[in-house]
Amino acid sequence: METQNITLAVPKDVLRRIKHLAVQKDKSVSRMLTEALIELVVREDQYMQARTHHSDMLAQVRDLGTEGRIAYAREDLHDRK
């Protein structure tokens, strides 16, 4: 995979904590940020695939035999005698 350097502006207290986490995980800050960004992109791709899949499913709704008519009254469903 081809890479490209970027410059980030991160609050000092956050950067200090990230550096400590990187040491604990035996990784570089760059590696940790790369992994986090890759995970974000993968999750977004999965979400969009699921959304497209479900939109396609909704577009192919089965005919339930009602031909779009409602054969009952709301009052019948909520009869409270």
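The expected span of a helix is 1.5 Å times one less than its number of residues. H1 covers residues 12-25. Its 14 residues should span 20 Å at 1.5 Å a residue, and the end C-alpha atoms do lie 20 Å apart, so expectation and model agree.

H1 is also where confidence in the protein chain is highest, with a mean pLDDT of 97. The lowest confidence falls in helix H3, residues 74-77, where the mean is 80. Over the protein chain the mean pLDDT is 91. A value of 70 or more is reached by 96% of the residues. Where pLDDT is low, predicted coordinates should not be read in detail.

The protein chain holds three helices and zero strands. From the N terminus the order of elements is α-α-α. H2 takes up residues 29-59.

The overall dimensions were examined next. The radius of gyration of the protein chain is 26 Å, whereas a compact globule of 81 residues would have one near 12 Å. Along the principal axes, the C-alpha trace spans about 70 × 40 × 25 Å. Of the 81 residues, 4% count as buried. The accessible surface of the protein chain comes to about 8,500 Å². Carbon and sulfur atoms supply 53% of that area.

The relative accessibility of Val 14 is 35%. Val 14 therefore counts as partly exposed, since that class runs between the buried limit of 20% and the exposed limit of 50%.

The backbone just after H1 has a further feature. Asp 26 follows the helix directly and takes a positive phi of about 55°. Most residues other than glycine have a negative phi. Asp 26 has its positive value although it is not a glycine. The residue sits in the loop between H1 and H2. Its relative accessible area is 72%, so Asp 26 is exposed.

Key. Residues numbered from 1 in each chain as written. Predicted model: local features only at pLDDT ≥ 70, side-chain atom pairs only at ≥ 80, totals over all residues. Heavy atoms only, no water. Helix = DSSP H or I, 4+ residues; strand = E, 2+ residues; numbered from the N terminus. Buried < 20%, exposed > 50% of the residue type's maximum accessible area, 1.4 Å probe, protein only. pLDDT = per-residue confidence, 0-100. Rg over C-alpha atoms; globule rule 2.2 N^0.38 Å. Areas by Shrake-Rupley, 256 points an atom, 1.4 Å probe, with all protein chains shown as cover.
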